[in-house]
Amino acid sequence: MVWAAPAIAQVTLGVDAALNSQYVWRGLSYTNKPVIQPDVWISASGFTAGVWANVEPSSYTGATDISENGSEGAGIAEIDGWIEYARASGNVNWKLGWTIYTFDMNKSGFTAYYDTHEFYGQASIGGLPFTPTLYAAYDVDKVKGLYLQPSISRAVAVSPALSITLTALAGISAGQEKGNATDASWNFANSGLAHLDLGASTSFAAGSVSIAPQFHVQWCHDDLVKATSLGHQHDVKFWGGVTLSWSHALGAAAE
């Protein structure tokens, strides 16, 4: 008689901290001033779960400021929890997940009234000159609509040690617009194309920390996406930032 050894899963803990020129979510400017966005996650056996936050480091109460905190001043404006399962099947990388968005800490601006959650999926095809990706998210609570984001990306070698990833994507509302929403917390003004985004990013190591700068040029189509400050709309939006990442394997654990 042969006894099979239990499967072993590697557990990894990670911490990210993004410093961005503004908070842009699916083309929408939720904050038009600099933000800090930390994320803590743990991963094992293809599952990853984490907690993410948007922090406004100063008070954004100017006449044209866009702020999740509203008149609350500096502090945490949003806390999101998420869990996903990712796998590779041949040249296809895919993942399925769930995200909950919470604004319970705010008494003005984005409040608990806007709390919601969604399920999402993503699939990418490798082994091609360009990497095509399709991301889809369906809000099952407040907005009750679908958001689609097709994209293509390509890594361009700048030197033997450094490459830049160029990305082009489109954001599409299919039920998350004002006319079809069943709640006042819709995401977009109209259905169809919301925005186009051209991005460039890279990553390099500094000891045990990964440093990943990024820059985006965005063409805005939807009226809510065009809002870059209170009372002002623009067809083109520029934003960028840098993310510092650290991860550590905690050791093997029996499944």
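A salt bridge here means a side-chain nitrogen of Lys or Arg sitting within 4 Å of a carboxyl oxygen of Asp or Glu. The model is a predicted one, so local features need pLDDT of at least 70 and side-chain atom pairs count only at pLDDT 80 or more, while totals for chains, interfaces and linings use all residues. Residues are numbered from 1 along each chain as its sequence is written, and side-chain values use heavy atoms, with hydrogens and water left out.

A search of the whole structure turns up 4 salt bridges. One of them joins E118 to R26, with the closest N and O atoms 2.6 Å apart. E118 belongs to strand β8 (residues 116-125) and R26 to the loop between β2 (23-25) and β3 (28-31), so this pair ties together parts that are 92 residues apart in sequence. Helices (H or I, at least four residues) and strands (E, at least two) are DSSP runs, numbered from the N terminus. E118 and R26 are both buried, where buried means under 20% relative accessible area, exposed means over 50%, and partly exposed is anything in between (1.4 Å probe, protein chains only).

Another salt bridge links D65 with K33, and here the closest N and O atoms are 3.0 Å apart. This pair also connects distant parts of the chain, since D65 is in the loop between β5 and β6 (75-89) and K33 in the loop between β3 and β4, 32 residues apart. D65 is buried, with a relative accessible area of 11%, whereas K33 is partly exposed at 30%. D235 and K226 bring their side chains together in a salt bridge too, at 3.5 Å from N to O. In this pair, D235 is partly exposed at 43%, while K226 counts as buried at 19%. As a rule, side chains of opposite charge can pair when their charged atoms come close.

Now for the chain as a whole. The protein chain holds 1 helix and 17 strands. Its C-alpha atoms fill a box of roughly 70 × 40 × 40 Å along the principal axes. A compact globule of 255 residues would have a radius of gyration near 18 Å, and the 20 Å of the protein chain agrees with that; the radius is taken over C-alpha atoms, and the globule rule is 2.2 Å times the number of residues to the power 0.38. Buried residues account for 38% of the 255 residues. Counting contacts (heavy atoms within 4.5 Å) between residues at least 6 apart in sequence, 51% join residues at least 24 apart.

N20 and G240 are 220 residues apart in sequence, yet their C-alpha atoms are 5.8 Å apart in space. Leaving aside residues up to four places away in sequence, N20 touches P34, V35, Q37, Q214, W239, G240, G241 and V242.

Strand β9 (residues 131-139) pairs with strand β10 (residues 146-159) in the antiparallel sense over 8 bridges, and T133 stands opposite S151 in β10. These two strands form a hairpin with 6 residues between them, and K144 in the turn has a positive phi of about 55 degrees. K144 is not a glycine, and at 41% relative accessibility it counts as partly exposed. Most residues other than glycine have a negative phi. S45, in the loop between β4 (35-44) and β5 (47-56), is another non-glycine with a positive phi of about 55 degrees.

β11 in turn pairs with β12 in the antiparallel sense over 9 bridges, with L166 opposite A200.

Finally, the surface. The accessible surface of the protein chain (Shrake-Rupley method with a 1.4 Å probe; for residues, only the protein chains shown count as cover) comes to about 13,100 Å², with 65% belonging to carbon and sulfur atoms. L193, L196, F215, W219, V236 and F238 make a nonpolar patch of about 540 Å². The elements giving two or more residues to this patch are β12 (192-201), β14 (209-220) and β17 (236-254). Patches consist of residues with over 30% relative accessible area and no salt bridge, where like charges are joined within 9 Å and nonpolar side chains (Val, Leu, Ile, Met, Phe, Trp, Tyr) within 5 Å. V236, in strand β17, counts as partly exposed at 40% relative accessibility.

Methods
Two strands pair if DSSP finds at least two bridges between them.
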